[in-house]
Amino acid sequence: MHFFEYKNRQLHCEGIPIQEIAKKVGTPFYLYSYHTLVRHFTVFDEAFKGIPHLICYSVKANSNLALLRLFVNLGGGVDVVSGGELYRALRGGADPQKIVFSGVGKREDEIGDALRAGILMFNVESSQELQTINEVAGRIGKKAPISIRVNPDIDPKTHPYISTGLKQNKFGIDILRAPMAYRLASQLPNLKIIGIDCHIGSQLVEVEPIIQALRKLKELVERLRKEEMEIQYLDLGGGLGITYEDEEPPHPIEYASTILEEVRGFGCTLILEPGRVIVGNAGVLVSKVLYTKENEEKRFMIVDAGMNDLVRPSYYGSYHQILPVKEEIREEILADVVGPICESSDFLAKGRKIQNLGAGELIAVMSAGAYGFSMSTNYNSRPRVAEVLVRNDQMFVIRQREGYEDLIRGEVIPEFLIKK
Ligand SMILES: *Cc1c(COP(=O)(O)O)cnc(C)c1O
């Protein structure tokens with residue numbers, strides 16, 4: 001985290017005081033540190049260098065084109081979950097042969113686009129999807145490379161909303177039914193089986209559940225090999241957690257070495273789909289205090305960023321550290337940090353011990369690089385905020401702040417409603 005640091009009592013991103021960036025672009029805005037992004041990707045990638053592997057960055061964590069290009073330049077592939085993310089990945093310069101397409105509900109047009117682009121593989125989540133991909137591939141005259149996303153029924157011990165590898169979750173094909181799905185795939189003429197896949201959840205703070213899932217996958221691969229099905233790629237998904245407050249997730253090097261022990265010599269190229277662990281702590285959301293108020297029970301700090309800009313606190317009850325951009329000696333108070341949206345769930349922090357900041361002062365909501373901007377919306381007709389990338393002492397606006405025109409793009413008042 002040392003690319004976001006106080007120098008001369010001013011919180012900096014790399015070589016630039018955040019205050020200065022705010023003066024130029026206004027608030028709120030997302031701010032990313034180039035060197036943090038590079039370091040996180042490189043550390044993760046190098047941790048697996050002992051075996052053939054491919055890091056497919058999970059686009060949904062943060063899908064800005066500049067970030068995608070940055071990871072592509074470092075040799076990364078991408079994991080996409082929609083036609084829109086595929087479009088972004090290609091516009092970001094991703095090598096189609098390093099794109100994997102996940103997602104429980106792929107449409108025919110999305111499948112067609114991916115086939116025409118020549119992606120590495122589809123991570124298939126149902127038998128019906130196998131049939132559909134086979135049909136679309138036949139129409140286009142291509143063979144579709146597939147892996148099956150297996151649901152290993154493992155409790156990842158994370159928030160229920162981001163746990164995906166349990167029987168009760170909608171994701172993947174039950175591991176007991178997976179051999180049947182593979183047999184079906186092997187009989188469909190326009191499919192080529194090349195891999196196996198799982199993704200058990202997000203913000204994992206233990207390696208153990210991943211290893212359990214991996215062992216179940218290996219057993220299945222061995223069984224498939226006996227049936228003469230060649231599995232070249234073993235995709236373990238993403239999910240490694242980060243420190244928001246006091247979580248102690250394994251370091252990527254520890255995570256990798258535990259996995260390497262299990263897969264070395266197994267004869268598969270390993271694919272990993274990290275999202276949060278790469279971008280989460282490389283970004284912050286900068287916001288301005290608009291007002292403060294109190295009643296007998298509570299104090300409120302009302303800031304200009306709301307749940308439409310960063311939904312994680314209201315949606316998952318997530319903790320994000322909040323730092324004053326200017327370091328000063330101030331009284332510590334207990335307050336709710338809330339946004340301007342007309343919802344009681346619009347908060348960035350509840351009952352937080354925080355320095356008593358006044359109107360006009362800036363805050364940095366830390367660890368906001370993942371599932372921050374990418375989950376933001378226009379709710380309450382709020383234009384989406386700007387995104388800024390800093391490299392040393394240079395700043396780049398990598399997404400302009402939306403204007404009011406953007407809010408109504410595509411909307412039409414039918415003729416009959418217009419009085420003549
Ligand atoms: C969301 C997702 C990821 C990335 O998860 P992180 O927790 O951000 O690493 C990877 N693979 C799939 C299939 C996903 O849905």
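Is aspartate 406 buried, partly exposed or exposed? Aspartate 406 is partly exposed, with a relative accessible area of 29%. Here buried stands for under 20% relative accessible area, exposed for over 50%, and partly exposed for what falls in between (1.4 Å probe, protein chains only).

A word on the model before we go on. This is a predicted model, in which local features need pLDDT of at least 70 and side-chain atom pairs count only at pLDDT 80 or more, while totals for chains, interfaces and linings use all residues. Residues are numbered from 1 along each chain as its sequence is written, and side-chain values use heavy atoms, with hydrogens and water left out.

**Salt bridges**

Side chains of opposite charge can pair when their charged atoms come close. With a salt bridge taken as a side-chain nitrogen of Lys or Arg within 4 Å of a carboxyl oxygen of Asp or Glu, the count comes to 16. Among them are these:

| Pair | N to O distance |
|---|---|
| Lysine 218 and glutamate 262 | 3.4 Å |
| Arginine 330 and glutamate 361 | 2.9 Å |
| Aspartate 406 and arginine 409 | 3.0 Å |

Lysine 218 belongs to helix α8 and glutamate 262 to helix α9 (residues 252-263), so this pair ties together parts that are 44 residues apart in sequence. Helices (H or I, at least four residues) and strands (E, at least two) are DSSP runs, numbered from the N terminus. Arginine 330 counts as buried at 15% relative accessibility, whereas glutamate 361, at 23%, counts as partly exposed. Arginine 409, the partner of aspartate 406, is exposed, with a relative accessible area of 61%.

**Cores and domains**

A nonpolar core is a set of buried Ala, Val, Leu, Ile, Met, Phe, Trp, Tyr and Cys residues joined through side-chain atoms within 4.5 Å. The largest one has 104 residues, and Phe48, Phe122, Ile146 and Ile259 have the most contacts inside it. Helix α8 (residues 208-226) gives the largest share of this core, 8 residues. Domain 1 (4-31 + 280-407) and domain 2 (103-272) both contribute residues, so the core lies between them. The domain bounds come from an automatic or database domain assignment.

The C-alpha centres of the two domains lie 36 Å apart. Counting heavy atoms within 4.5 Å as contact, 9 residues of domain 1 are in contact with 7 residues of domain 2. The area buried between them is about 790 Å², with 58% of it from carbon and sulfur atoms; buried area is the accessible area (1.4 Å probe) that two parts lose on being put together, summed over both. Between domain 1 and domain 2 there are 0 salt bridges.

In helix α3 (residues 65-73), Leu67, Leu68, Leu70, Phe71 and Val72 are buried. Their cover includes β4 (29-33), α2 (34-47), β5 (53-58) and β21. At the start of α3, a side-chain oxygen of asparagine 64 reaches to within 2.8 Å of the backbone nitrogen of alanine 66. Glycine 75 follows α3, with a positive phi near 95°.

Glutamate 402 sits in the loop between β21 (394-399) and α12 (404-408). At 12% relative accessibility, glutamate 402 counts as buried. Its side chain reaches the backbone nitrogen of arginine 384 at 2.9 Å.

Terms used. Polar contact = N/O pair within 3.5 Å; in protein donor to acceptor, adjacent residues only side chain to side chain.
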